[in-house]
Amino acid sequence: IAPDLNWPDYLADHLCNAVRWTDEVRALEQAGATTFIEMGPGKVLSGLIKKISNTAVVTNVEDPATLAAAVAVIKGA
């Protein structure tokens with residue numbers, strides 16, 4: 001994702017059109033992302049990322065215990 005991205009327009013586009021999740025995850029990886037953290041209950045997006053990428057480090061945060069685990073992942077990444 002380009003650093004000069006117009007975030008309001010980008011997010012509005014996602015609200016009004018289909019999200020191309022696979023393309024988004026791959027673009028993030030091409031931009032250098034190696035760790036993905038899903039915030040909130042459930043692990044749906046984490047599971048989708050794992051299906052798209054076999055190299056990404058993926059974790060989720062939904063309570064204090066998983067927050068501590070995610071912090072550990074970030075510190076180790």
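Mentor: Helices (H or I, at least four residues) and strands (E, at least two) are DSSP runs, numbered from the N terminus. On that basis the elements of the protein chain run α-α-β-α-β-α from the N terminus on, which comes to four helices and two strands. Please keep in mind that this is a predicted model, in which local features need pLDDT of at least 70 and side-chain atom pairs count only at pLDDT 80 or more, while totals for chains, interfaces and linings use all residues. Residues are numbered from 1 along each chain as its sequence is written, and side-chain values use heavy atoms, with hydrogens and water left out.

Trainee: What does the C-alpha trace span along its principal axes?

Mentor: The C-alpha trace of the protein chain spans about 35 × 25 × 25 Å. The chain exposes about 5,600 Å², of which carbon and sulfur atoms supply 62%; accessible areas come from the Shrake-Rupley method with a 1.4 Å probe, and for residues only the protein chains shown count as cover.

Trainee: And how many of the 77 residues count as buried?

Mentor: The share is 21% of the 77 residues, where buried means under 20% relative accessible area, exposed over 50%, and partly exposed in between (1.4 Å probe, protein chains only).

Trainee: Which residues make up the largest nonpolar core?

Mentor: That core has six residues, namely V25, F36, I49, I52, A56 and V58. A nonpolar core here is a set of buried Ala, Val, Leu, Ile, Met, Phe, Trp, Tyr and Cys residues joined through side-chain atoms within 4.5 Å. In soluble globular proteins, nonpolar side chains tend to be buried together.

Trainee: What does V58 touch?

Mentor: Not counting residues up to four places away in sequence, V58 touches F36, S46, I49 and K50, with contact meaning heavy atoms within 4.5 Å.

Trainee: S46 is a serine, so is it buried or exposed?

Mentor: S46 is buried, with a relative accessible area of 6%, and its place is in helix α3. Leaving out residues up to four places away in sequence, S46 touches E38, V58, T59 and N60.

Trainee: Which residues of α3 are buried?

Mentor: In α3, which covers residues 44-52, the buried ones are S46, I49 and I52. Seen down the axis of α3, these buried residues fall within an arc of 125° (taken from the directions from the helix axis to the C-beta atoms), so they line one face of the helix. On the other side, V44, K50 and K51 are exposed.

Trainee: What covers that buried face?

Mentor: The cover over the buried residues of α3 includes α2 (21-30), β1 (35-39) and β2 (57-61).

Trainee: Switching to charges, how many salt bridges are there?

Mentor: The count comes to one salt bridge, defined as a side-chain nitrogen of Lys or Arg within 4 Å of a carboxyl oxygen of Asp or Glu. The side chains of R20 and D23 meet in it, at 2.6 Å from N to O. R20 is exposed, with a relative accessible area of 58%, whereas D23 is partly exposed at 38%.

Trainee: And where is V57 found?

Mentor: V57 is found in strand β2, and it is partly exposed, with a relative accessible area of 37%. Setting aside residues up to four places away in sequence, V57 touches T34, T35, F36 and V73.
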